[in-house]
Amino acid sequence: MSAHANSLLAYYEGLIDEFPERTRAILITLQHSREPMTDRQIMEALELTDPNGVRPRITEAIQQGLLVECGAARDRISGKTVRLVAIAADPRFAQQEMAL
């Protein structure tokens, strides 16, 4: 991990309590993940049943530069191609496609 990425992760961790509760939960879920996640995977990890419980917060976090879209995957329920997201400062995840 580069010094820049380490600095960004430390910065986000220092501010984590200032984010809204749902955004904070999404960031923590992604931080503990070993790979990028789809909106549905995040929703399920947070034990929610409605994708709209996470989708707007994920989009906001992308717009704020906290998260990045880093690939695409086939959704196991809808069969549609959906985005994969990861923490913006996390270099573990390159652009990739995964079948879910």
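**Exercise 1.** Find which residues isoleucine 42 touches, not counting residues up to four places away in sequence.

*Solution.* Start from the rule for a contact: heavy atoms within 4.5 Å. With that rule, isoleucine 42 touches Ile26, Leu30, Met37, Val54, Ile58 and Val85. This is a predicted model, in which local features need pLDDT of at least 70, side-chain atom pairs count only at pLDDT 80 or more, and totals for chains, interfaces and linings use all residues. Residues are numbered from 1 along each chain as its sequence is written, and side-chain values use heavy atoms, with hydrogens and water left out.

**Exercise 2.** Describe the largest nonpolar core and state which elements give two or more residues to this core.

*Solution.* A nonpolar core is a set of buried (under 20% relative accessible area, 1.4 Å probe, protein chains only) Ala, Val, Leu, Ile, Met, Phe, Trp, Tyr and Cys residues joined through side-chain atoms within 4.5 Å. Here the largest one has 14 residues, and Ile26, Leu30, Ile42, Val54, Ile58 and Leu67 touch the most other members. Next, list the elements, which are DSSP runs numbered from the N terminus: helices (H or I, at least four residues) and strands (E, at least two). Two or more residues come from each of helix 2 (21-32), helix 3 (39-45), helix 4 (55-63) and strand 2 (81-87). Helix 2 gives the largest share, three residues.

**Exercise 3.** Locate glutamate 47 and state whether this residue is buried or exposed.

*Solution.* Glutamate 47 lies in the loop between helix 3 and helix 4. Its relative accessible area is 71%, so glutamate 47 is exposed (over 50%).
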